[in-house]
Amino acid sequence: MKLLPAILFFIFCSLTAYTQNFSISGKVTDEQQHPVPFASVAIHSVADSSLVAGNISDDQGAFSISVKPGNYFLKITFLSYTEKTITGIVVANTDVPVGTIFLKPSANMLKEVVIQGEKAQMELQLDKRIFNVGEDLGNVGVNAADILGNLPSVNVDVDGTVSLRGSENVRILINGRPSGLTSRDPDALRKLQGNMVERVEVITNPSSRYDAAGEVGIINIILKKDQDKGINGTFTANAGHPYLLGGSYSINFRRNKVNIFSSYGIDDRRTPGVGSSFQRYSSSDTSFVYEQYNDRSRGGLAHNIMAGVDYFLTDKSSLTGSFLFNPSFGVNKSTNEYTDYDENGTVIRNVIRTEREEEDEETIEGTLSYKKDYEEKGRTFTADFKWIKGVDDESTDYTEGQPGGALILQRAVNNANEVNWLVQSDYIHPFSTNGKIEAGIKTATRIIKNDYSLEQLDSESDAWTALPAFTNNMIYTERIHAAYFMASNTFNKVSVQGGLRGEYSDITTELTLTNEENPRSYFNLFPSANLSYKLKKNNTLQLSYSYRISRPDFRNLLPFSDFRDSRVFFVGNPNLKPEYTHAYEAGYLIDWDNGSILSSVYYRHRTDVIERIVTSVDSSGRTRVVPINLAEENAYGVEFNFSLTLQKWWRINSSANFYRAITEGSYEDERLHSDTYTWSSRTTSRMTFFKNLDFQASFNYRGPRITTQGKNLAIYSLDLALSRDILKGKGTLSASVRDLFNSRIRKNIVDSEGYYSSTRFQWQSRQFLITFTYRLNQMKEKEREREGNEEEL
């Protein structure tokens, strides 16, 4: 008897299989002809009003539903819109297009939708967190580095290096792909205007579909691009003190099968910085003490130009081509003043060293992408090709000497040229209502040629002589070939995802002048797993695991010093090995009507940890800092992200990351050990007054941290911003101050046997910004109007 329902169902399907089906198709838009994605479309029989079939619209508002011949009517529903009924649909022996269906806003639900939109500053998905950075007033008029520095658990130091959860081994992507904007120059993110950024994805435990590089995960920066019909865009202009002038636009034009998008940003700034240090060294045969004061200024003119075209070959396939050009020119100046003391604390001499660097950079990227959606919902195929060429030429003049005395003249050239090729293909195939398999292949080649030379003027012969210890040419060749397979499914309250990625690495470092070559090749398998369990309606538990690799950064391999400080040399190590990380994480999300809490507990075990340490100090006070592979590190942490809407005009977002890191290693028989407890946090309070005046205050704090040779001290800062809508909602005028108390100062201490160093440096002082934004056919004006209309009812 248990087989009877199945037998009857089989007989019914067999009898009806010979009846041909036809489709009812159309498109759902709002009154401004913007697509309404995920609208519910239900088909009912005229005879008895029974539900026959249904589906939801895709991301362009389109739908297509297969039915048998008959008389039907449609019901289209979507949150915040009035239900729409389409009658008189007769399906005979052909497909029936119903055209465009316009939905009207529902006044009864508008307030709820507007409030929800304000709250969605962070979205949680199975394997990532999405931050809609345009909602943050603190991001108006700033650059991409400033935006990242405002994200929970993310820090950007004075050199532009990004760290996540206390680790610098994080992968930075642009639009989901490696980019020349971030591959060579750690300061490149400061040259990317924040107004061009739409959202940032933070992936702390990436699945197998992503590159395995990055110990703590991936930060993916998504640039603005729209596909709404007609012309729409955003234009900004900003000015600030210290000196900053800039502007940008992001514009889109869509008609029929063609979508053209373009963005441009220009940024001209001068960033002052100051620092100081104290150095003391003593041994059996020598000792010295000196103080250093540093005054520097960096900046210049940078452009970011992006343009592209989407061509929709069919309703299910598209071809996208895009082009990015990023030229910049900067002049960087610094003055180092050294004061030397004898053993009694008496000043014995003053030395002044100056630097003037001209930096000429250029990045060109070309991308071609193909996407095909199949009739089966969720089944897609994509293919991508990317080419990147980058040039970074630096020429520097140095002078050094005592006031009134003879000067030592030096000059350095540091030219880097980079070429990248990337080919990638991905396929997604659903095997059930909520299940799918994914597979993909990728190959990437990266070649960097770096020429570095340092010359000194001989005062007697008046000729420039190369200093061999600081002169060489390096060629870095990296080829990564990868393939992955993943599967995921949802079983009632449980969602699971598992995958395996294989990567073959072929890397060669070559020093051409000294004929040194270091080839390395290795193959690794990187598994990943994600589990999500919905405990209650608004409570979700997530578990994840991934195995990661962190290949040495190109700049950590360079055996040359930047030489801006003649007494502290930061040099690379061509013999560095990659780091490997096992990462585990458990997250718990509690969501209610006006708030949410996401808490995470994580553990990372790292081997061959790369850390910069002081390896030597000579009798003349010259210190050498080199990255080396330590033994291992274990890090434990807990992270909280809290969002609460106290009133419809007042919202608070807060995050905190507490962790412990234990590092154990050695160098030349010296034990290098640290056990640190530290934490960081960010709290943002945003208030709206008089319906169009927004105020935001953000407080950032990063606690002290113990290192293997000393400690880094705490840093804190307060940012304020005020914004008002003008021009009937089409424009916004914003004013902000970053680091109100001028307290964003990096401070660290190195304290080892016979050597003590204390440094402090402030890369950028307090800054004031004024920004004007104008929206052309954008949504903010409509949302304001809807909110106002609701209050009048």
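**View 1. P242 sits in the loop between β15 (230-241) and β16 (244-255).** A cis peptide bond joins H241 and P242, with omega at about 0°. The model shown here is predicted: local features need a pLDDT of at least 70, side-chain atom pairs count only at pLDDT 80 or more, and totals for chains, interfaces and linings use all residues. Residues are numbered from 1 along each chain as its sequence is written, and side-chain values use heavy atoms, with hydrogens and water left out.

View 2. Step back for a moment before the next close-ups. Of the 793 residues in the chain, 49% are buried; buried means under 20% relative accessible area, exposed means over 50%, and partly exposed lies in between (1.4 Å probe, protein chains only). The chain exposes about 37100 Å², and carbon and sulfur atoms supply 56% of this area. Accessible areas come from the Shrake-Rupley method with a 1.4 Å probe; for residues, only the protein chains shown count as cover. Among contacts with a separation of 6 or more, 65% are between residues 24 or more positions apart; a contact means heavy atoms within 4.5 Å.

**View 3. Over residues 107-120, pLDDT stays under 50.** This score is the predictor's confidence in each residue, from 0 to 100. Even so, the model has 29 contacts beyond four places in sequence for residues 107-120. For the chain, the mean pLDDT is 81, and 84% of the residues reach 70 or more. Residues 1-19 have a pLDDT below 50, and beyond near neighbours in sequence this stretch has three contacts in the model.

**View 4. A nonpolar patch on the surface brings together I231, F253, V258, I260, V309, Y311, L313, L319, L368, F385, W421 and V423.** Together these residues have about 950 Å² of accessible area. Patches are made of residues with over 30% relative accessible area and no salt bridge; like charges are joined within 9 Å, and nonpolar side chains (Val, Leu, Ile, Met, Phe, Trp, Tyr) within 5 Å. A salt bridge, in turn, is a side-chain nitrogen of Lys or Arg within 4 Å of a carboxyl oxygen of Asp or Glu. Which elements give two or more residues to the patch? They are β17 (258-282), β18 (287-311) and β22 (408-430). Look also for L313, in the loop between β18 and β19 (317-341). L313 counts as partly exposed because its relative accessibility is 34%.

**View 5. A444 has its place in strand β23 (residues 436-458).** Is A444 buried or exposed? With a relative accessible area of 17%, A444 is buried. Not counting residues up to four places away in sequence, A444 touches W421, L422, E478, R479 and I480.

**View 6. Strand β43 (residues 755-762) pairs with β17 in the antiparallel sense over eight bridges.** Two strands pair if DSSP finds at least two bridges between them. Here S277 stands opposite T759 in β43. Strand β42 (residues 746-752) also pairs with β43 in the antiparallel sense, over seven bridges, and the bridge partner of V750 is S757 in β43. The hairpin of β42 and β43 has two residues between the strands, and G754 takes a positive phi near 80° there.

**View 7. N492 and D739 each show a positive phi in a residue other than glycine.** For N492, phi is near 55°, and this residue lies in the loop between β25 (472-491) and β26 (494-511). N492 is exposed, with a relative accessible area of 73%. For D739, phi is near 60°, and its place is in the loop between β41 (731-738) and β42. D739 is buried, with a relative accessible area of 2%.

**View 8. A92 lies in the loop between β6 (81-91) and β7 (96-103).** A92 is partly exposed, with a relative accessible area of 45%. Not counting residues up to four places away in sequence, A92 touches F22 and P69. The C-alpha atoms of A92 and G70 are separated by 6.6 Å, with the two residues 22 residues apart along the chain.

Terms used: Helix = DSSP H or I, 4+ residues; strand = E, 2+ residues; numbered from the N terminus.
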